[in-house]
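Subject: A structure to look through

Dear colleague,

I am passing on a structure for you to open alongside this message, and below it you will find my notes on what turned up. Please read them with the model in view.

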Amino acid sequence: MNKLSQKIIVIGSINMDLVTSALVFPKAGETLIGTSFLTIPGGKGANQAVAAARLGADVSLIGCVGDDLFGKELVDHLKEQQVSLPNVEPVTHTKTGIASITLAEGDNSIIVVPGANYHVTPELVAKYEELIASCDTMLLQLEIPMESVEMAVKIGRKHGLTIILNPAPIAKLSKEILLNIDYITPNEHEVVELLEGLNEEQINKLKEKLIVTKGAKGITYYRNGSEQHIDSYPVEVVDTTGAGDSFNGALAVALTAGNSMEEACRFANAVGALAVTKLGAQSGMPTKEEVEVFLNSKRG
């Protein structure tokens, strides 16, 4: 289908991140005094949509928030970030999703309560088939019901979109999903579970779709069965929350623009590196101009 412009559709979660910082992680049963607390817009779907929008992409987001203060605040914030939101529907009988995040020792631990995100049903996804059909690239994660992910993949494949799945939080994926996505972007821990139980033939087929993020160790992807590696950019880490989402949003932007896999991964690597130098998932995401300055400094 001919499309007038390059557009990205994100279908996924919208959360409020409740971020507590401490010097160390508490042990079971232990109470510690933290150093700070913030409420920051998050959710893997919203994060990836904001990451792509900050890089100049035309982005729409399908998702749900609750009819509460967090929901209103998140919708207002996403509109400010130039994410198209005619599709975000308030759910009156449940709360907006939240993620409770603890930052310590240069890392994070996260507990997600899905709330309204579980109202992103297959019926809701199907309702927006016309919008999906107008887009070029679809970006998915696993913080909404799996059957909704399956519906999105089905519609995306029907209309010829490039489909990128970030399999987080990791879960068992159906054969229909694995066969019909174009790229899957686990981290180095998620890929172990993703490949578990698959035979050699299945693994070899899936490898051509794999882009494995390894943090400071870079990225691995495969071409014609051969493993390719791209180094990360060394930066001073402030907060790793949202680094993977920044990478995925940037990857979608670069692939939609027609870049090669190597070019797209290098660009996404730079975006992910810049994202960890600031506090907060969305607030740390760089603009296109910031990425260009960063890449030019590395070339120099």
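Tyr-233 has a relative accessibility of 18% and therefore counts as buried, a word used here for under 20% relative accessible area, with over 50% called exposed and anything in between partly exposed (1.4 Å probe, protein chains only). Phe-294, at 11%, is buried as well. This is a predicted model, in which local features need pLDDT of at least 70 and side-chain atom pairs count only at pLDDT 80 or more, while totals for chains, interfaces and linings use all residues. Residues are numbered from 1 along each chain as its sequence is written, and side-chain values use heavy atoms, leaving out hydrogens and water.

The count comes to 1 aromatic pair, where rings of Phe, Tyr and Trp (its six-membered ring) pair if their centres lie within 6.5 Å, and planes under 30 degrees apart are stacked, over 60 edge-to-face and the rest tilted. The ring centres of Tyr-233 and Phe-294 are 5.4 Å apart with planes at 75°, so this pair is edge-to-face. The two residues lie 61 residues apart, Tyr-233 in the loop between strand 13 (226-230) and helix 9, and Phe-294 in helix 11 (residues 288-299); helices (H or I, at least four residues) and strands (E, at least two) are DSSP runs, numbered from the N terminus.

Helix 9 (residues 243-256) also meets helix 1 (residues 44-54), their axes coming within 8 Å and crossing at roughly 50°, where axes are lines fitted to C-alpha atoms, for helices over the stretch in contact, and angles run from 0 to 180 degrees between N-to-C directions.

Best wishes
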